[in-house]
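Subject: Structure handover

Hello,

Here is the structure we talked about. Please open it alongside this note, which goes through what was found.

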Amino acid sequence: MSQRERRRGRNQGMSELFDAAAIALEAAREAGADAADAVGVASDSIETRVRGEEIDFVKQARQRTLGVRALVRGPEGVRQAIASTADFAEAAVRAVAAEAATLARATAQDPAAGLPEAGFADPDALPDLALLDPADRGTGVEDRVEAARRAERAARAVDPRITNSEGSQASSGFSRVVYANSAGFAAGYESASHALFSEPLASGEGGMQRDYWMSVGRRLAELEAPERIGARAAERALRRLGAKPVPTCEVPVIFDPLTAASLWRQVAGLVNGYSVYRGTSFLAGKLGETVASQAVHLVDDPLRPGGLGSRPFDGEGLPSRRTVLIEKGRLESYLLDTYSARKLGLASNAHATRSAGSAPGAGATNLFLEPGQGSLEDLIADTPRGLLVTELIGMGFNPVTGDYSRGAAGIWIENGALTHPVEEVTIAANFADMLQGIDAVADDLLWLSSVASPSLRVARMTVAGEA
Amino acid sequence: MTESSARGFFRDRFGLDDRSLEGALGTALERRVDHADLFFEYASQSSVVLEEGIVKSGDRHLEQGVGVRVQVGERTGYAHSDELNVESLQLAARTARAISADSAAGGNARAAVTTGGRDLYPVARPPTDTPVEDMIGLVEAVDAYVRSRDPRVHEVMASCVAQHRQILVMASDGTLAEDVRPLVRLNVQVIASDGARREVGYQGCGGRSDFETLLDPATWQPIADEAARIAIQNLGAEPCPAGSMTVVLGPGWPGILLHEAIGHGLEGDFNRKGTSAFSGRLGERVAAPGVTVVDDGTLPGRRGSLNVDDEGTPTQRTVLIEDGILRGYLQDRQNARLMGMAPTGNGRRESYAHLPMPRMTNTFMLAGEDDPEDILRSVDRGIYAVHFGGGQVDITSGKFVFSASEAYRIENGRIGAPLKGATLIGNGPDVLTRVSRIGSDLALDRGVGTCGKDGQSVPVGVGLPTIRVEELTVGGTEG
């Protein structure tokens with residue numbers, strides 16, 4: 001079946017991207033590229049925020065970008081460069097492809113660069129990952145304003161101490177992605193993302209506190225009810241009133257699902273094939289070694305139905321597949337695209353990320369820690385003295401050495417029970433020791449982004465606060 | 001009125017003449033509104049990255065679009081499109097005005113003023129016209145230089161970016177403003193290894209200038225030297241102590257303290273809404289006597305500088321704290337109007353696809369009179385922090401962090417062993433009340449700052465003289 005036939009039945013938005021990508025590939029070859037690939041992305045979005053009884057803003061947008069990578073073969077390797085544009089006129093697309101080819105001739109020859117040799121996904125048999133509900137296309141500004149308004153009212157109704165807010169925000173976005181290359185692969189898919197977010201303020205002893213709650217999904221019907229989101233956000237802000245530092249100490253630290261997910265985001269960076277071959281990760285060269293406690297089973301699954309990171313094929317056209325990164329604490333896989341795999345003498349595991357304006361990279365899709373047993377409450381009850389962390393701020397992490405030190409807020413635990421809220425403290429340790437020190441994982445896996453975790457406990461960290 | 005370059009550019013390239021602009025603005029104004037504006041942008045960017053001794057890829061991007069905004073009271077309607085033509089402009093204008101229910105008494109669109117009248121960053125050639133061979137030559141020279149300095153240099157990543165952005169703003173109050181903004185940057189990352197340990201060092205520089213400035217070895221060699229020095233020195237760094245202690249901050253980039261602890265909390269949007277820890281505190285003491293902090297968008301060639309902000313308001317020097325007393329907020333037009341204050345030229349946006357918000361430009365503390373050496377000698381036991389990574393703040397509680405990437409122990413007034421990086425945490429509204437010494441050595445950073453707010457990134461600058469702060473919590477691991 002030819003590419004043109006395959007495009008039949010596509011909506012106009014998709015064929016615009018297929019056509020632009022085809023022109024770009026042809027123009028890159030005409031300009032002297034030996035191989036090329038192209039990425040087209042188009043999106044439509046609505047975003048609104050209600051604060052108090054007023055609409056704060058309503059925003060509507062439409063954006064498109066086309067990126068072309070030109071590859072020029074030399075005796076010692078492949079030279080490459082990328083050019084991108086928002087202008088889809090044929091002349092502009094041709095110009096940008098020619099520019100990529102010209103730019104590529106100036107870069108160095110790299111034996112590892114180039115398209116995957118084979119193994120592309122079958123464009124006619126892409127898995128249906130439930131990334132969009134066609135009925136949601138009918139949503140408009142009024143619907144989204146109403147959802148935000150309901151969340152905002154619910155947040156403000158919880159308690160008289162909820163006196164203000166940064167507002168409640170609702171958004172809906174629809175996007176189309178097409179990837180095509182000179183090896184003959186061309187495929188695309190559509191997806192949607194809907195979110196509702198509420199951020200109220202509580203006032204009381206010791207000043208003001210804010211917090212948030214949210215719900216995100218591929219289908220509007222999956223979102224939590226606006227009233228629940230608002231109420232939960234308000235409860236989270238209220239429980240922070242009266243927060244204070246604690247004396248500097250070494251204690252067990254429990255991470256709730258949101259803060260625990262941030263640890264796995266860092267692991268995603270550490271096992272990224274590029275960090276590994278560059279030596280900018282302390283996990284480089286540790287494949288097959290025990291890098292975390294027995295309780296850690298970390299999986300990346302691009303095929304999760306309705307997942308926020310799901311996709312039928314990766315940024316180089318290879319079919320998506322589930323990958324176990326850490327099993328019972330043992331490092332099983334890195335996240336690899338074709339280039340980083342070649343650098344490491346391994347095979348790609350279809351984890352190429354790609355945007356219109358950049359060369360392929362490697363990254364996670366739906367990354368999660370397999371849940372353990374028991375609830376967060378059980379974990380707290382099992383902790384004589386320690387800190388439950390509910391928010392982390394700052395970027396105090398060095399992936400080369402593993403040194404970890406971040407600002408934290410949460411709730412103090414004494415005799416297995418929550419006591420008072422805590423703020424203005426830092427938590428610090430070496431990240432390698434933190435991974436080895438995970439001594440309990442709860443069963444409350446929570447998906448609020450493409451990286452998810454249940455609550456977990458790290459046996460010992462330094463909490464710095466008062467003298 | 002003189003013919004201006006950005007205005008002529010949009011007219012010649014996209015056929016957007018004054019009549020079509022006024023037509024779109026008129027559509028936006030068919031309902032009763034307080035303010036409406038059109039923001040046009042055309043930007044190009046080139047970059048190259050070197051690793052493992054070679055430039056593996058280069059890239060070039062073109063971005064263009066228009067944003068149409070309508071404001072009524074606290075409400076904003078916004079629509080943007082990457083199609084720069086009259087039809088999409090009209091469609092965006094109709095979408096944006098939908099937030100206003102009432103019909104207008106009549107439009108008041110009238111474009112008659114050209115703002116500007118100065119150029120803080122004149123360049124003979126846009127940085128994006130730099131031949132790619134020159135950009136590649138620069139990162140290759142940096143790589144060869146760093147590797148020749150010390151055998152412990154294990155790996156070098158060097159990248160450079162050239163950007164050229166043209167903007168045009170037309171607003172319902174008659175504003176017609178334009179700006180042509182060059183921006184260049186060099187980043188150097190060095191991995192050092194002594195066989196047993198591996199450490200990283202970063203340094204960078206840049207600003208609103210031509211690219212030729214970066215090509216001068218007098219510009220890039222000190223940056224390359226610094227990146228290598230930090231990486232090699234960290235090979236011997238000891239664990240950082242934990243707890244509350246005296247901290248001396250070095251000059252320049254440690255000014256990120258002001259950005260996080262003070263700057264964000266003084267942005268007009270948070271204060272208009274009453275959600276900042278600084279809300280309603282104008283005229284109150286928020287810093288020790290002698291502490292004066294300003295935000296200044298008018299410094300020639302600086303990364304955070306602008307001729308006009310993204311709403312067409314000329315930038316200015318705004319005093320935030322004067323001798324310890326809170327004096328001012330950073331304002332865009334909407335928040336200034338709603339608070340009955342004057343705009344301060346701080347209405348900024350990442351691109352046409354984003355709404356303007358009050359943002360910082362170059363934020364720094366003015367120099368004091370203390371000798372920096374004396375300040376260090378005055379500390380019995382504490383920490384001397386000279387280089388930082390990023391920071392973050394919770395505007396409402398006022399709690400902020402910033403993370404040191406180069407720090408030393410101070411013992412009996414002398415600089416001691418290098419320490420591993422650690423996060424410092426404090427409370428914005430009172431941290432500056434504990435500044436006890438202010439050095440005479442004010443320095444601005446080297447031009448690498450990027451500030452994130454509500455998902456939007458904009459280039460900024462910071463600056464600080466050497467200061468001594470009592471009782472700041474240091475997030476190390478040693479009790």
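Two strands count as paired if DSSP finds at least two bridges between them. Keep in mind that this is a predicted model.

Strand pairing in chain A

Start with strand E4 (residues 162–181) of chain A and strand E5 (residues 186–204) of chain A. They run antiparallel and are joined by 17 bridges. One pair to look up is A:Arg176, whose bridge partner in E5(A) is A:Glu190.

Strand E6 (residues 207–210) of chain A is joined to E5(A) by four bridges, and the two run antiparallel. Here A:Ser203 stands opposite A:Met208 in E6(A). E5(A) and E6(A) also form a hairpin, with two residues between the strands. A:Gly206 takes a positive phi near 80° in this hairpin.

Strand E7 (residues 213–217) of chain A pairs with E5(A) too. The sense is antiparallel, over five bridges. A:Ala195 has A:Val216 in E7(A) as its bridge partner.

Two domains in chain A

At the contact, 36 residues of domain 1 of chain A meet 25 residues of domain 2 of chain A. On the domain 1 side, strand E1 (35–51), strand E2 (54–74), E3, E4, E5 and E7 of chain A each give two or more residues. E2(A) has the largest share of that side, with four residues. By class, the domain 1 side has 21 nonpolar, 11 polar and four charged residues.

Chain A against chain B

The contact between the chains takes 63 residues from chain A and 65 residues from chain B. Which strand gives the largest share of the chain B side? That is strand E2 (residues 54–72) of chain B, with 12 residues. The chain B side has 30 polar, 19 nonpolar and 16 charged residues.

Strands also pair across the two chains. Strand E3 (residues 77–85) of chain A and E2(B) run parallel, joined by five bridges. Within E2(B), B:Ser57 stands opposite A:Gln80. So much for the chain contact; E2(B) is the element to find there, as it gives 12 residues to the chain B side and bridges to E3(A).

Best wishes

Note on methods. Residues are numbered from 1 along each chain as its sequence is written. Chains are lettered from A and ligands numbered from 1 in the order in which they are written. This is a predicted model: local features need pLDDT of at least 70, side-chain atom pairs count only at pLDDT 80 or more; totals for chains, interfaces and linings use all residues. Two residues are in contact if their C-beta atoms, placed from the backbone, lie within 7 Å. Ala, Val, Leu, Ile, Met, Phe, Trp, Tyr, Cys and Pro count as nonpolar, Asp, Glu, Lys and Arg as charged, and the others, Gly among them, as polar.
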